[in-house]
Amino acid sequence: MLNMATELLSQSDLLTALDPRVASIVSRLSDRPELASVMEQLLNLDGPALARAKRSITKAKVAAPASPEIDVDFLRLLRDLPRDVESARLRAREFMDREVEPIANDYWERAEFPYHLIPEFASLDLLASIFPTAPDGTVHHDSVAEGVLTMELARVDCSFATFLGVHGGLAFGSILLCGSKEQQDEWLPRMRKWEVIGAFGLTEPDVGSGVAGGITTTCRRDGDAWIIDGEKRWIGNSTFGDFVVVWARDVADQQIKGFIVETSAPGYSVRKMEGKIAQRTLQNGHITLDHVRVLEKNRLQKANGFKDVARVLGMTRVGVAWIAVGCAAGAYERALAYTQRRTQFGRPLGSFQLIQSMLARMVGKLASMQALALQVSRLQNAGQCEEHHSALAKQFCAAQCREVVALARESMGGNGILLDHSVARFFADAEAIYSYEGSNEINTLIVGRALTGHGAFV
Ligand SMILES: Cc1cc2nc3c(=O)[nH]c(=O)nc-3n(C[C@H](O)[C@H](O)[C@H](O)COP(=O)(O)OP(=O)(O)OC[C@H]3O[C@@H](n4cnc5c(N)ncnc54)[C@H](O)[C@@H]3O)c2cc1C
């Protein structure tokens, strides 16, 4: 039998020389009567028929295991959400998959925002879950709800999640934390319904990380109003929104004050920033404020210095950590699906050990990001989250996100840099997340100061 097999295999040109290990296998198989008969039939095949049989055996072997369902919640951290939050999460997911996913790459490439989706997005009523109203009428911030919903948006489109984060986090949060009761009553209900859209103007052309001591935009009291002069840069939603919360230095007492500046105000102008390579769908503006007059009633009554800006950022940074979680989740699930689909050497990419290593590293990082962000959100809901907790969440998740999207991109080879497969978009968008709302270094320094007692910013 062994001689016959050797003869046929060499004739068929499939093996030029018989490897001793193959010889041993053939010999052992031929000792079993039922296999001996199968082998005899195989030996009667001619070369091309034998090659076809070999291909079909290989195919059958590879197609056999069904791909497991892709689950971005690997550690089942998000399974026990309150019913209303879970329902909002499912609404958000369904909307993003149905409406945003099919157009996300196109809008990203054209650097345009899909404004036509805002009415339906508003009707999802996500802000009612993020900022629930208590029976006594007070508005609360539910950080876990914000996190999970933000993750769902970013999982499909990080720009959409940032659009929510700027209006429903930074702008809403500024008025919630720093506004008087009257200001909250005037603005928050309309913001919750997206009847007015807000932006948050802190960064300036020459002052980014150093805003704490470096804001140059000024405000000057003038009777029952204030005059604001300066420039703001990178301001999300400012090209189309209804108002911007502008942070400016009072020339009288040098303290930072916050103002609700309507974008229709004389002296306010904005131009869209062009040429971004990340979060292109998000609209960022460069604002000029030229003697803009704002009534005292639109000065945030509880904002008395930069510490109040820091309170707002402390609240919203956790949300940015969740954008990073969503970005990583979106890249991971697309990469996993791709590596199940794409075959090389006659096998799915996902069957190669080195690709599995990338996938395991991705899901491990994703799970650790989710666990950290969730715990910090829980601390926030319990009123125990300090500035360094949210800084750690943002710093850790944004850094891990960058590594996940890089692995996702790598696992897809050339297609990883093509927009068609979406992972390239997540790969690029992660760069914005890494830098905004406190760069990696600034959030690291906030954590470092809490650990050591030494501020190392300058
Ligand atoms: C897509 C996008 C959206 C944004 N949206 C808004 C918005 O809506 N509103 C808003 O106000 N701003 C917004 N920003 C601005 C954002 O918050 C700033 O980009 C960020 O704070 C960093 O500032 P910078 O870009 O000026 O960098 P810089 O401050 O110039 O920093 C450059 C580098 O130096 C490092 N660095 C700076 N200081 C130190 C230090 N002391 N020690 C060590 N390293 C240091 C930084 O970490 C960074 O790596 C947005 C930015 C982006 C990219």
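**Legends to close-up views of the predicted model**

**View 1. Confidence along the chain.** The chain has a mean pLDDT of 91, and 88% of its residues score at least 70; pLDDT is the predictor's confidence in each residue, from 0 to 100. Over residues 1-18 the pLDDT is below 50, and this stretch has 25 contacts in the model beyond near neighbours in sequence. Two residues are in contact if their C-beta atoms, placed from the backbone, lie within 7 Å. Where pLDDT is low, predicted coordinates should not be read in detail. This is a predicted model, in which local features need pLDDT of at least 70 and side-chain atom pairs count only at pLDDT 80 or more, while totals for chains, interfaces and linings use all residues. Residues are numbered from 1 along each chain as its sequence is written.

**View 2. The chain as a whole.** The chain contains 17 helices and 9 strands. Helices (H or I, at least four residues) and strands (E, at least two) are DSSP runs, numbered from the N terminus. Of the 458 residues, 42% are buried. A residue is buried if 20 or more other C-beta atoms lie within 10 Å of its own, exposed if 12 or fewer, and partly exposed in between, with C-beta atoms placed from the backbone. Among contacts with a separation of 6 or more, 74% join residues 24 or more positions apart.

**View 3. Helix α5, residues 83-100.** The 18 residues of α5 should span 26 Å at 1.5 Å a residue, and the end C-alpha atoms are 25 Å apart, which agrees. The expected span is 1.5 Å times one less than the number of residues. Val-85, Ala-88, Ala-92, Phe-95 and Met-96 are the buried residues of α5. Seen down the helix axis, these fall within an arc of 100°, so they line one face of α5; the arc is that of the directions from the axis to the C-beta atoms. Their cover includes α7 (118-123), α8 (126-130) and α9 (143-154). Arg-83, Ser-87, Leu-90, Glu-94 and Arg-98 are exposed on the other side of α5.

**View 4. Helix α15, residues 387-411.** This helix has 25 residues and reaches 36 Å from first to last C-alpha, close to the 36 Å expected at 1.5 Å a residue. Helix α15 is mostly covered, with 18 of its 25 residues buried. Gly-413, which follows α15, has a positive phi, near 55°.
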